[in-house]
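User: I would like to learn how to read a model like this one. Could you take me through it feature by feature?

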Amino acid sequence: SRVYYGPDSIHAEFEVDTCLSQLALPTCGLWLPDKNAFIKLLTHQAPDFLGGWCLVGIVAASMSTADGAILAMGTVFAHNI
């Protein structure tokens, strides 16, 4: 995702004058990484089936984590009764 949304891409965003006082330069820029670059990469650059399967995998991992937490809470509750 760095190729499409990194500091050298057309989508890059920079904060200007970030190191002006430290380096005594006339201007300086700090690259602001995009927090949604992976999702943008899957929905805009990757083939549809690959992006879809990756997003389905993310949802499945989230559901598995929630299922494990519910199972653990149920076990604790049943043990305490």
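**Reading the model**

Analyst: Start with a loop. Pro-33 lies in the loop between β2 and α3. The model is predicted.

User: Is Pro-33 buried or exposed, and why?

Analyst: Relative accessibility decides. Over 50% counts as exposed. Pro-33 counts as exposed because its relative accessibility is 55%. The C-alpha atoms of Pro-33 and Ala-12 are separated by 7.6 Å. Along the chain these two residues are 21 apart.

User: Which strand holds Leu-30?

Analyst: Leu-30 lies in strand β2, residues 29–32. With 42% relative accessibility, Leu-30 counts as partly exposed, because that class runs between the 20% and 50% limits. Its C-alpha atom is 5.3 Å from that of Phe-14. Leu-30 and Phe-14 are 16 residues apart along the chain.

User: How many helices and strands does the protein have, and in what order do they run?

Analyst: The protein has 4 helices and 2 strands. From the N terminus, the order is α-β-α-β-α-α.

User: How much of the protein is buried?

Analyst: Buried means under 20% relative accessible area. Of the 81 residues, 14% count as buried. The accessible surface comes to about 6600 Å². Carbon and sulfur atoms make up 66% of that surface.

User: What share of the contacts is between residues 24 or more positions apart?

Analyst: Take the contacts with a separation of 6 or more. Residues 24 or more positions apart account for 29% of them.

User: Which residues of helix α3 are buried, and where do they fall around the axis?

Analyst: The general idea comes from the helical repeat. An α-helix has 3.6 residues a turn, so residues three or four places apart point the same way. In α3, residues 37–45, the buried residues are Ala-37, Leu-41 and Leu-42. Seen down the axis, they fall within an arc of 135°, so they line one face of the helix.

User: Which residues make the nonpolar surface patch?

Analyst: Phe-49, Leu-50, Trp-53 and Val-56 make it. The patch covers about 490 Å². Val-56 is found in helix α4, residues 48–80. Val-56 counts as partly exposed because its relative accessibility is 47%.

User: Which elements have the lowest and the highest mean pLDDT?

Analyst: Where pLDDT is low, the predicted coordinates should not be read in detail. Helix α2, residues 20–23, has the lowest mean pLDDT among the elements, at 60. Helix α4 has the highest, at 90. For the protein, the mean is 78. Of its residues, 70% reach 70 or more.

Note on methods: Residues are numbered from 1 along each chain as its sequence is written. This is a predicted model: local features need pLDDT of at least 70, side-chain atom pairs count only at pLDDT 80 or more; totals for chains, interfaces and linings use all residues. Side-chain values use heavy atoms; hydrogens and water are left out. Patches are made of residues with over 30% relative accessible area and no salt bridge: like charges are joined within 9 Å, nonpolar side chains (Val, Leu, Ile, Met, Phe, Trp, Tyr) within 5 Å. Accessible areas come from the Shrake-Rupley method with a 1.4 Å probe; for residues, only the protein chains shown count as cover. A salt bridge is a side-chain nitrogen of Lys or Arg within 4 Å of a carboxyl oxygen of Asp or Glu. Buried means under 20% relative accessible area, exposed over 50%, partly exposed in between (1.4 Å probe, protein chains only). Contact means heavy atoms within 4.5 Å. The arc is that of the directions from the helix axis to the C-beta atoms. pLDDT is the predictor's confidence in each residue, from 0 to 100.
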